[in-house]
Amino acid sequence: MQKTALITGITGQDGSYLAEFLLDHGYRVVGMTRRTSTEVHERIEHLFGKIEIISGDLLDQSSMQAIVAEVRPVEIYNLAAQSFVPASWTQPVLTGEFTALGVTRLLEAVRHVDASIRVYQASSSEMFGKVTEVPQRESTPFYPRSPYGVAKVYGHWITVNYRESYDLFACSGILFNHESPRRGKEFVTRKISDGVARIKCGLATELRLGNLEAQRDWGFAGDYVEAMWLMLQAERPDDYVIATGRTHSVRDFVRIAFEVAGLGAYEPYVTIDPRFVRPAEVDMLIGDAAKARERLQWTPKVSFEELVEMMVRADVDRLGAHAR
Ligand code: NAP
Ligand code: GDD
């Protein structure tokens, strides 16, 4: 029988890759979207006709419960969240409502409608924040550095708690940063690839950034959605770190991006703008995904250098085609 999966946050970067992955694996895919006056679904437009869309909001308990009862999925992937770290300082309460309490609303809906539904919760390496161990693994203590990170810690623990309290098959995927040409333009990697492409195409002369020394363990989003699915296929529910095990600075990303575009050295184009420096920074993240490698047989395929090249080329092609 065909399996049904429900994805919250299907309009986001990960939601679009996960929907493609699940369709390829023969699933019926239903995506939950919130109502807006203008519908912007550019990441999933190419999937219309293959996926179903249902209206709901993480802020609304009754809509969550009604959706789970109507769709009757065997798997739910909870990807919806306020996911941009700087916005969590300007909208801390809303971030808590979406990113923290939204998880409880979903788990409550599952518990009341059908406790056999398997649930994936999108947790984050931001929970490690001011890291207490290098590299970070499942047992590393959390020390979040933003209201977003704090909200994700709540989401993680409520997932663990519902697993232990109600025997739900609920997994928390602690994913390190993952990027793609579909990444939102406010995140640093896409801001850089888009900015470099603009300079290349003569549409801009500079790129304004914040802290170039921050280091992240960056992987490709297409590789990471496979890990989400593998967690829900395992015999027992558990929590997993998903990462490449390599770390690079924002400066490394910038340098390679300018080289890929054939612009040479980045220094003449890049300006440091204090507006993009955070009140509290996560200086360095590097994950140890040994548990996922051993128990799920998951490994990332796209390297850091390939990722930078993929993103820069996609933006140069997009803007170049526009300019022609
Ligand atoms: P994203 O592109 O920002 O997508 C977020 C999604 O959540 C969008 O579809 C958004 O819908 C939806 N959403 C936000 N608030 C909602 C609400 N109240 N009700 C329903 N939907 C709502 O994020 P992403 O990069 O795909 O990340 C997916 C998830 O993984 C997020 O939970 C994120 O925090 C987490 N995560 C991401 C990374 C990463 O590096 N990408 C790493 C670790 C964890 P709209 O289109 O309507 O805004
Ligand atoms: N956004 C942004 N813009 N970040 C900048 C800039 C800039 O102009 N200049 C430097 N940075 C630095 C930030 O200070 C941060 O240290 C790093 O680049 C990465 O920033 P983001 O790309 O915004 O991602 P993030 O690491 O804060 O959060 C992302 O990854 C988390 C997983 O660790 C998001 O996808 C979160 O949702 C996710 O949980």
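The model is predicted. Ligand 1 has 24 residues around it, while ligand 2 is surrounded by 23 residues. Tyr-148 is listed among the nearest residues of ligand 1 and also among the closest residues of ligand 2.

**Ligand 1**

- Among the 24 residues around ligand 1, those that come nearest are Thr-11, Asp-14, Arg-34, Ser-83 and Tyr-148.
- Sorted by class, the shell around ligand 1 consists of 10 nonpolar, 9 polar and 5 charged residues.
- Helix H1, strand S5 and helix H5 each supply at least two residues of this shell, and S5 gives the most, with 3 residues.
- The side chain of Tyr-148 places an N or O atom 2.6 Å from an oxygen atom of ligand 1, and polar backbone atoms of two further residues also lie by oxygen atoms of this ligand, that of Gln-13 at 3.1 Å and that of Ala-81 at 3.2 Å.
- Taken alone, ligand 1 exposes 900 Å², of which the protein buries 88%.

**Ligand 2**

- The residues closest to ligand 2 are Ser-124, Ser-125, Tyr-148, Arg-278 and Glu-281, out of the 23 that surround it.
- The shell around ligand 2 divides by class into 10 nonpolar, 6 polar and 7 charged residues.
- Ligand 2 lies between domain 1 (4–178 + 219–242) and domain 2 (184–216 + 247–283 + 302–323), because both domains give residues to its shell.
- A nitrogen atom of ligand 2 is 2.9 Å from a backbone N or O atom of Glu-186, whereas a polar backbone atom of Val-188 is 2.8 Å from an oxygen atom of the ligand.
- The side chain of Lys-191 has an N or O atom 2.7 Å from an oxygen atom of ligand 2.
- When ligand 2 is taken alone it exposes 720 Å², and the protein buries 96% of that area.

- Helix H1 covers residues 13–24, and at 1.5 Å a residue its 12 residues should span 16 Å, which agrees with the 17 Å between its end C-alpha atoms.
- Because 9 of its 12 residues are buried, H1 is largely enclosed by the rest of the structure.
- The buried residues of H1 include Asp-14, Ser-16, Tyr-17, Phe-21 and Leu-22.
- Val-225 belongs to helix H7, residues 221–233, and is itself buried, with a relative accessible area of 1%.
- Although Val-225 and Ser-16 are 209 residues apart in sequence, their C-alpha atoms are 9.6 Å apart in space.

**Backbone features in loops**

- The peptide bond from Val-134 to Pro-135 is cis, with omega near -5°, and Pro-135 sits in the loop between strand S5 (118–124) and helix H5 (147–166).
- Asp-167 has a positive phi, near 65°, without being a glycine; this residue is found in the loop between H5 and strand S6 (170–175).
- With a relative accessible area of 67%, Asp-167 is exposed, because that value is over the 50% cut-off.
- Gln-297, which is not a glycine either, has a positive phi of about 55°, and it is located in the loop between helix H9 (290–296) and helix H10 (304–323).
- Gln-297 likewise counts as exposed, at 61% relative accessibility.

Definitions and conventions: Residues are numbered from 1 along each chain as its sequence is written. Chains are lettered from A and ligands numbered from 1 in the order in which they are written. This is a predicted model: local features need pLDDT of at least 70, side-chain atom pairs count only at pLDDT 80 or more; totals for chains, interfaces and linings use all residues. Side-chain values use heavy atoms; hydrogens and water are left out. A residue is near a molecule or strand if one of its heavy atoms lies within 4 Å of it. A polar contact is a pair of N or O atoms within 3.5 Å; within protein, one must be able to donate a hydrogen and the other to accept it, and residues adjacent in sequence count only if both atoms are side-chain atoms. Accessible areas come from the Shrake-Rupley method with a 1.4 Å probe; for residues, only the protein chains shown count as cover. Ala, Val, Leu, Ile, Met, Phe, Trp, Tyr, Cys and Pro count as nonpolar, Asp, Glu, Lys and Arg as charged, and the others, Gly among them, as polar. Domain bounds come from an automatic or database domain assignment. Helices (H or I, at least four residues) and strands (E, at least two) are DSSP runs, numbered from the N terminus. The expected span of a helix is 1.5 Å times one less than its number of residues. Buried means under 20% relative accessible area, exposed over 50%, partly exposed in between (1.4 Å probe, protein chains only).
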